[in-house]
Structures are given as structure tokens and as C-alpha cells.
Amino acid sequence: DAILTGLRYGRDASVVRCVLVRTGAFSLAASSLLALLPIVARPHGATGYGLLLGSFGLGALAGAAVLPRLRSTLSVDGVVTIAILVFAAMTFAAGQVQTFGWLELVLFTSGTAWIGILACLNVAAQTMSPSFLRARALSLYLLVLQGGMAIGSALWGALASRVGIPTTFLCSAIA
């Protein structure tokens, strides 16, 4: 009964649906960068892949440090909008840049935008529900986020095998 109550709440509450749709749309579109990163990093070897993934993580840490200052001047929607535009630009750039140093900068900037988006959506998911439904609403948020990443990764991988990495990243950035 508790699970069904949570599912009904997620279906019926417009604010919950809004956060879930935004989360799903972002995770589907944004999953291309991390899903295809091993192919982008292939010319740089396993160490290069690790360094690029580390750059993404360091960018996320930097974004977490900057986020409180951004939130003091921008609304949640403002932060999410700017971060999505930055992430889209970096996704496109990842398909165009070949130099390792520039790829590190692209991944660092992507990580900064990534944490800005997910932190804001996570807070929205936690605060949009009454306390007795909060855990169920948060589990729906995580299900949509991770499901979108899994489905998106498969779709972007299939598209990349047909049209190549640069075109796939362009499509992902537009999405």
C-alpha cells in the first residue's frame, strides 16, 4: 500500500511530475557524455580515461563549492537553466575537441554543470512532498534519474554506432 500511495502521489501531484519530467529529460539527454567517454578517451589510453573521469569529478566538487553563491543570486530555475546550457555546450565540445588538455577542461566544466543541475533537482525532489511521502518521492526521483541514464546510454550508444561521436554529441546537446 505504501508503494502504491507513493506512485499515486507521483502521478497526481503536478509539482512532482514537473520535477520527474525535468529529471528524466535531463538524464536521458545528458547520459551521452559519460556513456561515450570511453570511446572519446580511447586515443589517450586507460590513464587518459581515468584522468578525464577525474576531471569530471573535480568539476563536480568545484560546482558544489560554488553552488551556494550561485543560489544566493539566482533562483533554482535560473541555476538549472544556466547549468543545462553549459552542460549542452560542453557535450557538443566533447565531440569536437581532440586535444587532451582541452578535453580535461570540457569534462571539468561538464562536472560543474552536472552537479548544479542534479543538486537543484534533488532539493526540489526532497522539498516538494509532505514529510510522510518524502522518501517515496525521492525514490521516484532516483528511479527516473538512474533509469534515464541507463536508457539514454543505450540509445546514445546505438546512435553513435550509426552516425559517429560528434553527431551524437550534437544531438545530445540539442536534446
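1. Cysteine 18 is partly exposed, its relative accessible area being 42%, where partly exposed covers the range between buried (under 20% relative accessible area) and exposed (over 50%), with a 1.4 Å probe and protein chains only. Cysteine 120, by contrast, is buried at a relative accessible area of 5%. The model is a predicted one, in which local features need pLDDT of at least 70 and side-chain atom pairs count only at pLDDT 80 or more, while totals for chains, interfaces and linings use all residues. Residues are numbered from 1 along each chain as its sequence is written, and side-chain values rest on heavy atoms, with hydrogens and water left out.

2. On the cysteines, a disulfide is taken here as a pair of cysteine sulfur atoms within 2.5 Å, and by this rule the count is 0. Cysteine 18 takes part in no disulfide, since the nearest cysteine sulfur, which belongs to cysteine 120, is 13 Å away. For cysteine 120 the closest cysteine sulfur is that of cysteine 18, and the 13 Å between them is too far for a bond.

3. The structure holds 1 salt bridge, a term that requires a side-chain nitrogen of Lys or Arg within 4 Å of a carboxyl oxygen of Asp or Glu. It joins the side chains of arginine 22 and aspartate 77, at 2.8 Å from N to O. The pair links distant parts of the chain, 55 residues apart, with arginine 22 in helix α2 (residues 14–41) and aspartate 77 in helix α4 (residues 76–96); helices are DSSP runs of H or I with at least four residues, numbered from the N terminus. Arginine 22 is partly exposed at 31% relative accessibility, and aspartate 77 is likewise partly exposed, at 44%.

4. The largest nonpolar core has 39 residues, among which Phe26, Leu33, Phe87, Leu107, Trp114, Tyr141 and Phe169 touch the most other members. Such a core is a set of buried Ala, Val, Leu, Ile, Met, Phe, Trp, Tyr and Cys residues joined through side-chain atoms within 4.5 Å. At least two residues of this core come from each of α2, α3 (45–73), α4, α5 (100–127), α6 (134–163) and α7 (165–174).

5. Leucine 33 deserves a separate look. Apart from its neighbours within four places in sequence, leucine 33 is in contact with Phe56, Phe87, Thr91, Ala94, Leu107, Ser110 and Phe169, contact meaning heavy atoms within 4.5 Å.

6. Finally, leucine 4 lies in helix α1 (residues 2–12) and is partly exposed, at 45% relative accessibility.
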